[in-house]
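Please look over the sequence and the model before reading on.

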Amino acid sequence: MKGKKIVVGVTGGIAAYKTAELVRLLTKADALVQVAMTSNACRFVTPMTFEALTGSRVIYDMMRQEGPDMEHITWGQEADLIIVAPATANFIAKMALGIGDDFLSTMLLAATAKVLVCPSMNTRMFLNPAVQNNIILLKERGITVMEPGKGELACRTTGPGRLPEPFEIVELAHSMLTLPDLSGLNILVTAGPTVEPIDPVRFISNRSSGKMGYAIAKAARRRGAAVTLVSGPTALTPPFGVNFHPVKTAEEMKQAVFDKYTGCDIIIKAAAVADYRPREFAGQKIKKGADTLSIDLVRNPDILSELGKLKRKSSCILVGFAAETEDLFLNARKKLQEKNLDMIVANDVSRSDAGFETDTNIVKMIFSDGSIEESQLMSKDEVADLILERSKSLFEMANS
Ligand code: CTP
């Protein structure tokens with residue numbers, strides 16, 4: 001969001017306290033944020049809160065002339081995006097009717113920026129036909145209206161009406177500011193480790209954090225793709241807007257991938273699948289006894305190889321990862337060929353700044369035509385965009 005101008009409009013609902021976190025996340029993402037508040041919003045949170053978070057003046061009274069002229073026109077025309085959060089039933093009605101009786105509503109009337117409205121109110125209020133009709137009107141005019149979350153509300157009722165979590169709003173805002181160049185594509189991503197149980201309290205797994213796969217799923221979603229993420233256990237929150245399928249074992253991952261792969265245009269297998277699992281699951285906790293203990297392991301299915309065999313019948317692009325500690329290129333190229341892939345992303349996991357658990361990565365992308373491309377050391381988000389860029393080109397070539 002670096003350099004993007006975002007105006008956040010705060011209206012008078014209890015969820016206004018969450019908008020402080022929203023503004024914080026937007027500024028952390030390097031957006032240039034300005035805040036406008038209705039007078040009722042100022043009863044819930046003070047303008048000073050937002051001034052401290054953004055470092056710039058908050059406008060809440062149109063008649064108090066403190067800044068340059070015509071800010072009710074310029075703010076909405078210079079911004080890339082306006083987010084109204086929370087948007088009360090009353091404010092949504094004003095937007096639908098074209099009423100401009102304060103700074104925020106007037107600014108929206110003159111705005112040329114994209115607009116994201118995040119309703120937040122009591123469930124009955126939200127479901128009221130008048131509110132629903134107003135929301136339909138806003139959508140018909142090209143305004144994005146975010147579905148409120150469901151759950152326990154501040155008014156102690158349960159149902160739709162919660163302001164979505166700030167990180168979810170940021171994610172939708174990010175998508176609205178990103179060129180949807182993957183729109184129309186179905187992308188399946190696998191991520192994280194698999195976990196192979198030994199007994200009810202122990203398992204075999206690996207050090208994959210899932211960060212790379214989650215970054216790919218998030219970036220693909222932002223760029224407009226329909227994304228399915230099949231993930232082993234991780235400490236990460238599933239990216240907003242992806243179809244999320246948590247699994248534990250390699251067998252479960254295989255099942256989920258094969259359930260979902262029909263109709264996929266691109267499959268990116270970033271998961272670190274355990275190659276072996278214990279032959280038997282001990283139903284009870286194994287007690288210590290002898291000095292040594294052997295656990296018999298059997299091979300897990302190689303999901304990517306099986307997909308590679310099926311690929312001959314489809315135009316789906318298959319991208320694998322190779323986690324290596326030695327002979328990076330040779331090992332990765334062997335996997336590319338043996339698994340019948342279009343591209344393999346080779347990772348030297350012995351480096352401290354790449355591979356498992358890190359926030360950065362440096363990769364070698366090897367293609368089925370023999371070409372190779374090496375990335376700089378980048379954030380996993382940047383690597384994700386690069387991998388998607390190359391996958392998209394491969395898809396376009398295969399389908400031209
Ligand atoms: N993979 C898979 N199923 C497995 C093992 C790996 O689908 N049982 C996929 C991974 O998701 C990755 C690629 O195959 O995209 C390579 O995984 P990696 O662990 O680097 O290599 P392996 O094929 O398991 O070979 P080795 O462990 O011998 O290096």
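**The ligand site**

The structure is a predicted model. Its ligand is surrounded by 14 residues, and the closest of them are Lys-269, Ala-271, Phe-321, Lys-335 and Lys-339. By type, the shell around the ligand holds eight nonpolar residues, one polar residue and five charged residues.

Two elements give two or more residues to the shell around the ligand: helix H12 (303–311) and strand S16 (317–324). The largest share of this shell, four residues, belongs to S16.

Helix H1 covers residues 16–28, which makes 13 residues. Its end C-alpha atoms are 19 Å apart, in agreement with the 18 Å that a helix of this length should span at 1.5 Å a residue. The buried residues of H1 are Ala-16, Lys-18, Thr-19, Ala-20, Leu-22, Val-23, Leu-26 and Thr-27. Just past the end of H1, Asp-30 has a positive phi of about 70°.

Is helix H9 largely enclosed or largely open? Nine of the 11 residues in H9 (residues 166–176) are buried, so this helix is largely enclosed by the rest of the structure. The buried set consists of Pro-166, Ile-169, Val-170, Glu-171, Leu-172, Ala-173, His-174, Ser-175 and Met-176. These buried residues pack against H1 and helix H10 (211–222), and also against strands S3 (81–87), S4 (114–119) and S5 (144–145).

**Cys-264**

Cys-264 sits in the loop that runs between helix H11 (250–260) and strand S13 (266–269). Is Cys-264 buried or exposed? Its relative accessibility is 11%, and buried means under 20%, so Cys-264 counts as buried. Leaving aside residues up to four places away in sequence, Cys-264 touches Asn-186, Leu-188 and Cys-316. Cys-264 and Leu-318 are 54 residues apart in sequence, while their C-alpha atoms are 9.9 Å apart in space.

Notes
Residues numbered from 1 in each chain as written. Predicted model: local features only at pLDDT ≥ 70, side-chain atom pairs only at ≥ 80, totals over all residues. Heavy atoms only, no water. Near = heavy atom within 4 Å. Nonpolar A, V, L, I, M, F, W, Y, C, P; charged D, E, K, R; others polar. Expected span 1.5 Å × (residues − 1). Buried < 20%, exposed > 50% of the residue type's maximum accessible area, 1.4 Å probe, protein only. Contact = heavy atoms within 4.5 Å.
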